[in-house]
Amino acid sequence: MKELLMKYKEIIMYLVFGVFTTVVNIVVYFLSAELLHINYLISNALAWFLSVLFAYITNRKYVFESNSQNILKEAVSFFSSRLATGILDMVLMWLFVYFNVVNDVIAKVIVNVIVVVLNYVLSKLVVF
C-alpha cells in the first residue's frame with residue numbers, strides 16, 4: 001500500500017489540494033453571490049482569483065515540490081494557464097446560468113470538476 005501511495009503521491013496530493021481549492025472557490029462564490037448578493041459573474045471572478053492564489057501556493061510547495069529559482073516565470077506560467085481555464089469557467093457559468101440549464105450553485109460544481117482536470121494537465125505539462 002505504501003508503494004502505491006508513493007508512486008501516485010503527486011496525483012493524490014493534487015486531488016487533495018484540488019478539493020481544498022474547489023472548496024475555497026465554492027465557498028467564496030457562495031458567500032459573495034448568495035449572502036452578499038453580488039452578481040454571479042463578479043462573484044465567480046473573485047472566487048477564481050482567490051482559489052488560484054491558494055492553488056499556486058499549495059501546488060508549488062506540496063504537490064509538485066518545485067525548487068525552481070525562477071519563481072516569477074513559474075508564477076506567470078501558472079496564472080496564465082489558470083487564466084485560460086478561468087475564462088472557460090466564466091463562459092461555462094454564463095452558458096449554464098443564462099440558458100437555465102441548472103441553477104448557479106450546481107453549475108459552479110460541474111464547472112469546477114472540468115476545470116480541476118484541465119488545471120492538472122496544464123500544471124504538469126506546462127508549469128512545473
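Q: Is Glu-65 buried, partly exposed or exposed, and what is its relative accessible area?
A: In this predicted model, Glu-65 is partly exposed, because its relative accessible area of 42% falls between the 20% limit for buried residues and the 50% limit for exposed ones.

Q: What about the phi of Glu-65, positive or negative?
A: The phi of Glu-65 is positive, at about 45°, although this residue is not a glycine. As background, most residues other than glycine have a negative phi.

Q: Is Asn-100 buried or exposed?
A: Asn-100 is exposed, since its relative accessible area is 68% and the exposed class begins over 50%.

Q: Stepping back, how many helices and strands are in the chain?
A: The chain has five helices and zero strands, and read from the N terminus its elements follow the order α-α-α-α-α.

Q: What is the radius of gyration, and what would a compact globule have?
A: The chain has a radius of gyration of 15 Å, and this agrees with the value near 14 Å that a compact globule of 128 residues would have. Along the principal axes, the C-alpha atoms fill a box of roughly 45 × 35 × 25 Å.

Q: What share of the residues is buried?
A: Buried residues account for 36% of the 128 residues in the chain. The accessible surface of the chain is about 7,800 Å², and 75% of that surface belongs to carbon and sulfur atoms.

Q: Of the contacts between residues at least 6 apart in sequence, what share joins residues at least 24 apart?
A: That share is 66% for this chain.

Q: Let's go to helix 5; which of its residues are buried?
A: The buried residues of helix 5 are Asp-104, Ala-107, Lys-108, Val-111, Asn-112, Val-115, Asn-119, Tyr-120, Ser-123 and Val-127. On the geometry of such elements, an α-helix has 3.6 residues a turn, so residues three or four places apart point the same way.

Q: What do the buried residues of helix 5 pack against?
A: They pack against helix 2, helix 3 and helix 4.

Q: Which residue caps the N-terminal end of helix 5?
A: Asn-103 does, with a side-chain oxygen that lies 2.9 Å from the backbone nitrogen of Val-105.

Q: Where is Asn-25, and with which residues is it in contact, leaving aside neighbours within four places in sequence?
A: Asn-25 lies in helix 2, which covers residues 9–35, and with those neighbours left aside Asn-25 is in contact with Ala-47, Trp-48, Ser-51, Lys-108 and Asn-112. Of these, Lys-108 and Asn-112 are among the buried residues of helix 5.

Q: Is Asn-25 buried or exposed?
A: Asn-25 counts as buried, because its relative accessibility is 3%, under the 20% limit. A polar atom of the Asn-25 side chain lies 3.5 Å from the backbone oxygen of Ala-47.

Q: And Leu-15, where is that found?
A: Leu-15 is also found in helix 2, where it counts as partly exposed at 48% relative accessibility. From C-alpha to C-alpha, Leu-15 and Arg-82 are 16 Å apart in space, and they are 67 residues apart in sequence.

Methods:
Residues are numbered from 1 along each chain as its sequence is written. This is a predicted model: local features need pLDDT of at least 70, side-chain atom pairs count only at pLDDT 80 or more; totals for chains, interfaces and linings use all residues. Side-chain values use heavy atoms; hydrogens and water are left out. Buried means under 20% relative accessible area, exposed over 50%, partly exposed in between (1.4 Å probe, protein chains only). Helices (H or I, at least four residues) and strands (E, at least two) are DSSP runs, numbered from the N terminus. The radius of gyration is taken over C-alpha atoms; the globule rule is 2.2 Å times the number of residues to the power 0.38. Contact means heavy atoms within 4.5 Å. Accessible areas come from the Shrake-Rupley method with a 1.4 Å probe; for residues, only the protein chains shown count as cover. A polar contact is a pair of N or O atoms within 3.5 Å; within protein, one must be able to donate a hydrogen and the other to accept it, and residues adjacent in sequence count only if both atoms are side-chain atoms.
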